[in-house]
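Take a look at the protein shown here.

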Amino acid sequence: MKKFIKTVTYSAVASSLLLASSVMAADQKIAVVNFQEVMSKIPQTATVMQSLEVEFKDDKAVLAQLEKDIKYYQEKKQRDASLMSAKDIEELDAQIGTLYQDYQAKGKAFQQATGLRKNEETNKIVALVRQAIDNIAAKEKYDLVLEQQAVVFSKPDATITNKVVEQVSKLN
């Protein structure tokens with residue numbers, strides 16, 4: 001599987017380079033954008049992360065409490081095991097097991113829910129970024145806009161990352 005991914009990656013990079021070189025030969029205008037940098041600099045990303053934190057704070061608190069409870073009972077068992085009857089130890093183990101199962105189930109549901117919501121919100125932001133890139137490309141008459149990760153070298157004046165950040169930031 002890793003070999004397949006490497007092959008696909010190398011093919012994509014090679015295709016991008018060939019495309020870029022053939023396009024340059026045709027004397028076309030090319031821009032480069034660092035998508036990750038745009039996503040990290042725009043205020044919408046921070047706003048979404050804060051709203052997701054607020055949205056899931058109660059679930060996070062429940063998980064933290066379950067974790068504390070499990071730790072408390074484990075410490076209690078370790079500390080008081082010599083003073084407890086076999087039945088009490090067994091009941092405590094059952095209680096720890098139940099809490100741990102609950103913790104795992106809620107933790108998995110929490111991860112899925114937060115991942116889904118994060119993807120939804122990220123897709124909205126990505127749409128804004130793509131729209132800004134399209135607007136800048138149309139306004140400045142770029143024939144091609146490439147992701148910086150697919151480019152080996154570009155002149156600094158070919159980069160439109162800051163323009164994209166500026167335009168998306170205004171949409172706030």
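## Overall layout

Which pattern does the protein follow, read along the sequence? The pattern is α-β-α-α-α-α-β-α. The model is a predicted one. Its secondary structure comes to 6 helices and 2 strands.

The protein has 172 residues, and 27% of them count as buried. Now take the contacts between residues at least 6 apart in sequence. Of these, 83% join residues at least 24 apart.

## Helix α4

Helix α4 covers residues 57-80, which is 24 residues. From its first C-alpha to its last, α4 reaches 34 Å. That is close to the 34 Å expected at 1.5 Å a residue.

Which residues of α4 are buried? They are Leu63, Leu66, Ile70 and Tyr73. An α-helix has 3.6 residues a turn, so residues three or four places apart point the same way. What covers the buried residues of α4 includes α5.

## How α4 packs on α5

Two packed helices are described by the angle between their axes and the distance between the axes. For α4 and α5, the angle is about 155 degrees and the axes are 9 Å apart. Angles over 145 degrees count as roughly antiparallel, so α4 is roughly antiparallel to α5. The crossing is left-handed.

By class, the contact has 12 nonpolar, 3 polar and 9 charged residues.

## How α3 packs on α5

Helix α3 (residues 43-55) also meets helix α5 (residues 86-139). Their axes come within 11 Å and cross at roughly 160 degrees. The two helices are therefore roughly antiparallel to each other. Is this crossing left-handed or right-handed? The crossing of α3 and α5 is right-handed.

From α3, the contact uses Gln44, Thr45, Val48, Met49, Leu52 and Glu55. From α5, it uses Arg117, Lys118, Glu121, Ile125 and Leu128. These residues divide into 5 nonpolar, 2 polar and 4 charged.

Technical notes: Residues are numbered from 1 along each chain as its sequence is written. This is a predicted model: local features need pLDDT of at least 70, side-chain atom pairs count only at pLDDT 80 or more; totals for chains, interfaces and linings use all residues. Side-chain values use heavy atoms; hydrogens and water are left out. Axes are lines fitted to C-alpha atoms, for helices over the stretch in contact, and angles run from 0 to 180 degrees between N-to-C directions. Helices (H or I, at least four residues) and strands (E, at least two) are DSSP runs, numbered from the N terminus. Angles under 35 degrees count as roughly parallel, over 145 as roughly antiparallel, 65 to 115 as roughly perpendicular and the rest as oblique. A crossing is left-handed if the near helix is turned anticlockwise from the far one by less than a right angle, and right-handed if clockwise. Contact means heavy atoms within 4.5 Å. Ala, Val, Leu, Ile, Met, Phe, Trp, Tyr, Cys and Pro count as nonpolar, Asp, Glu, Lys and Arg as charged, and the others, Gly among them, as polar. The expected span of a helix is 1.5 Å times one less than its number of residues. Buried means under 20% relative accessible area, exposed over 50%, partly exposed in between (1.4 Å probe, protein chains only).
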